[in-house]
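This briefing concerns the predicted model displayed below.

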Amino acid sequence: MRAKLEVIPKQLDHSIHTFIYDDISFNSPWHYHEELELTYVLKSNGIRYIGNSIQQFQAGDLVLIGSSLPHAWKNASNYNQGASSVYVQWKAEQFNAKITGIKEFLKVGKMLEKAKAGIVFRKSMMTENIGQMLLALHQSSEMPRMILFLQILHQLSELKDYQILSEPIETFTSQKIDSRVDKIIHHIEDHYQSPILVIEVADLCCMTKSSFCKFFKKRFNKTFTQYLNEFRIHIICQELQDSIQPVTQIAMDCGYENMSYFHRQFKQVIGVTPAQYRKKIIAISD
C-alpha cells in the first residue's frame, strides 16, 4: 500500500470538486494530495488509515483530511459487499486566503487548522445530514454549489463531538522514503496473522534494526510494535463484530501467541477488554 501523490483533475472554472466512489470495495492506495478533503462513507466497513492513525470505519464515517496528509480506506481482502462514498476536495491555501480575517469564518478557520492532523466526527443525525448535503453538493453547480459548500463547513465547525486522528508525522520528501513505507505496510497487511519480527521488516527495507526503528519512529511518531499492535487490534475488533469465534481464537488468528499480552494491548488501544467490547457491540445490535 504505497502512499502516492494524487493529482486531482481540475475544471478551470471550479474551486471545489466533488466525487462519488462506487465499487465492490475501496481499492485506492494510501495516498496524499495538496487539497483538503471531506469524505462521507455511504456503504462499507474496514480499516481507515489517516497519517499514523489506524481505526475501524463503517457507513456514516465522516472525516476531514488536511493538505498532504496520507490516507486510505481499506476493506478486508475477501470483502465484496460494495463500497461507496461521496467526497469534496478544495485547495487549502486558496480557500484559507479568502477567509482569513473574516470574523464569520473564525470557527471554520480553526477547524481547518485542526484538520492538518485529520478529524473524524462521531456519527449523529447531524453528520448524516451533512452526508446528504454532500450528495446534494455533487448535483449542484455555480453559486448554489458554493453556498451549500459554505453551509457544510459551517455545520461541521459547530460539531463538538469529534476526534483528532493523527499525531504529527514527517511528510513525504522522497520516493525512497515512499518506497520503504510501501514495503512496511504491505508486509504488515500480508503477514499480520503470523509473528512479525522487527529485524525481518528491517531486512526488507535494507536497513539495520537500529536504523529501521529510528526511521519508523520518525515517520509515524510511534514504534513499529505499537503500529503493528494497533493494526491487529482493529482487525480483531472487526472480527469480534462479524463472527462468533472465541476471543482467544480470533487473537491467535491475528498473530498473538501470548494471551496476557494480547489482552493488555487490546485494553490499551480500545479502552475496554475484548469481552466488554463484544458485549457492547451485541447490546448496540439488539
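Helix α4 (residues 142-158) lies across β2, β4 (35-43), β7 (62-65), β9 and β10 (119-121), and runs at about 75° to β2. Contact here means heavy atoms within 4.5 Å. Axes are lines fitted to C-alpha atoms, for helices over the stretch in contact, with angles from 0 to 180 degrees between N-to-C directions. Helices (H or I, at least four residues) and strands (E, at least two) are DSSP runs numbered from the N terminus.

This is a predicted model, in which local features need pLDDT of at least 70 and side-chain atom pairs count only at pLDDT 80 or more, while totals for chains, interfaces and linings use all residues. Residues are numbered from 1 along each chain as its sequence is written, and side-chain values use heavy atoms, with hydrogens and water left out.

**Sheet**
- Six strands form an open sheet in the order β2-β9-β4-β7-β10-β11, with antiparallel pairing; two strands pair if DSSP finds at least two bridges between them.
- The edges are β2 (16-23) and β11 (162-164), each with a single partner strand, so one side of each has no neighbour in the sheet.
- From one strand to the next, the twist averages 15°.
- β2 and β9 (residues 83-91) run antiparallel and are joined by eight bridges.
- Ile20 has Val86 in β9 as its bridge partner.

**Nonpolar cores**
- A nonpolar core is a set of buried Ala, Val, Leu, Ile, Met, Phe, Trp, Tyr and Cys residues joined through side-chain atoms within 4.5 Å. Buried means under 20% relative accessible area, exposed over 50%, and partly exposed in between (1.4 Å probe, protein chains only).
- The largest nonpolar core has 38 residues, of which Ile184, Phe212, Phe224, Tyr227, Ile236, Phe262 and Phe266 touch the most other members.
- Elements supplying at least two residues each to this core include β5 (46-50), α5 (175-191), α7 (209-220), α8 (224-242) and α10 (259-270). The most comes from α8, with nine residues.
- Leaving aside residues up to four places away in sequence, Phe212 touches Ile184, Val198, Val201, Ala202, Cys205, Met207 and Phe224.
- Another core, of 28 residues, lies apart from it and has Met111, Phe121, Ile130 and Leu159 among its members.

**Helix packing**
- α8 and α10 pack at an angle of about 85°, with their axes 10 Å apart. That makes α8 roughly perpendicular to α10 (65 to 115 degrees; under 35 is roughly parallel, over 145 roughly antiparallel and the rest oblique).
- Among the residues making the contact are Ile233, Ile236 and Leu240 of α8, and Phe262, Phe266 and Val269 of α10.

**Cysteines**
- A search of the whole structure finds zero disulfides, a disulfide being a pair of cysteine sulfur atoms within 2.5 Å.
- For Cys206, the nearest cysteine sulfur is that of Cys205, 7.6 Å away. Cys206 is exposed, at a relative accessible area of 67%.
- For Cys254, the nearest cysteine sulfur is that of Cys237, 10.0 Å away. Cys254 counts as buried, at 4% relative accessibility.

**Backbone angles**
- Most residues other than glycine have a negative phi.
- Ser68 has a positive phi, near 60°. Ser68 sits in the loop between β7 and β8 (71-74) and is partly exposed, at 32% relative accessible area.
- Glu142 also has a positive phi, near 55°. Glu142 is found in helix α4 and counts as exposed, at 70% relative accessibility.
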